[in-house]
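The entries follow the order in which I looked things up.

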Amino acid sequence: TIIVIHCFASAKLAGMDFLIVIALSVSLCLLSSFGFVMNDLLDKEIDRENGVERLQRLDGPSLGIGWCISGFLLLAALGIGLKWCAWGEIVGLSVVLIGLVFYNLVGSRLLLVSNISAALLAFSPTLVPIALGLSPGPETIALVVSGIAFLLAREMILDVKDVDGDRSAG
């Protein structure tokens, strides 16, 4: 829901076509789901140590099904994006995809990089439409900086609340 609200609000500011906004919103939702499933699959052991119950029971064939679901979400996001979005939106979706993969494979394990990556990815539904269609005036720059700063602070507060979990993850 929050992805769709962010997309529509920032796309309205940017003057984007309604159909493209819907396709972009759906693609970003699917990409986010891909990232969440991928993160849960990659961090299964860390989540188990921290007492988080998500995909802990997946083993063998069911683990393969989890990866297939993650792949399906990715392909669906890219398919919708390629079919309905313009070139600029496809580039935006690609940047978000690269960010998700970076976060899951590298960024989530590096001090402060994980916080910055998570904040940027969380703000991407607002950032992508703004980057595509709005000239960067002072209001736009203030919106982007304050939005990313808020989400960065949120990520850091969540880390402070879970110091033991972060220590166990290395």
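I looked up Ser27 and found that it counts as buried, because its relative accessibility is 0%. Buried means under 20% relative accessible area, exposed over 50% and partly exposed in between, with a 1.4 Å probe and protein chains only. Ser27 is part of helix H2. I listed its contacts, leaving out residues up to four places away in sequence, and got Ala77, Ile80, Gly81 and Leu93. Contact means heavy atoms within 4.5 Å.

I noted what kind of model this is. The model is predicted, so local features need pLDDT of at least 70 and side-chain atom pairs count only at pLDDT 80 or more, while totals for chains, interfaces and linings use all residues. Residues are numbered from 1 along each chain as its sequence is written, and side-chain values use heavy atoms, with hydrogens and water left out.

Next I checked the whole chain. The chain has 8 helices and 0 strands. Helices (H or I, at least four residues) and strands (E, at least two) are DSSP runs, numbered from the N terminus. Of the 170 residues in the chain, 38% are buried. Among contacts with a separation of 6 or more, 67% join residues 24 or more positions apart.

Then I turned to helix pairs. Two packed helices are described by the angle between their axes and the distance between the axes. Axes are lines fitted to C-alpha atoms, for helices over the stretch in contact, and angles run from 0 to 180 degrees between N-to-C directions.

I took H2 and H4 to begin with. Their axes are 8 Å apart and the angle is about 160 degrees. H2 and H4 are therefore roughly antiparallel to each other. Angles under 35 degrees count as roughly parallel, over 145 as roughly antiparallel, 65 to 115 as roughly perpendicular and the rest as oblique. The crossing of H2 and H4 is left-handed, a term for a near helix turned anticlockwise from the far one by less than a right angle, with right-handed for clockwise. The contact of H2 with H4 has 19 nonpolar, 5 polar and no charged residues. Ala, Val, Leu, Ile, Met, Phe, Trp, Tyr, Cys and Pro count as nonpolar, Asp, Glu, Lys and Arg as charged, and the others, Gly among them, as polar.

I moved on to helix H4 (residues 61-84) and helix H5 (residues 87-105), which pack at about 160 degrees with axes 10 Å apart. That makes H4 roughly antiparallel to H5. Leu74, Leu78, Gly81 and Leu82 of H4 meet Ile90, Leu93 and Leu97 of H5. These residues divide into 6 nonpolar, 1 polar and no charged.

How is helix H2 (residues 18-42) set against H5? The angle is about 10 degrees, with axes 10 Å apart. That makes H2 roughly parallel to H5. The residues of this contact divide into 14 nonpolar, 5 polar and 1 charged.

I picked out Gly35 of H2. Gly35 is buried, with a relative accessible area of 4%. Gly35 and Val96 are 61 residues apart in sequence and 9.9 Å apart in space, C-alpha to C-alpha.

Last, I looked for disulfides, pairs of cysteine sulfur atoms within 2.5 Å. The structure holds 0. Cys29 is partly exposed at 25% relative accessible area, and Cys68 is exposed at 56%.
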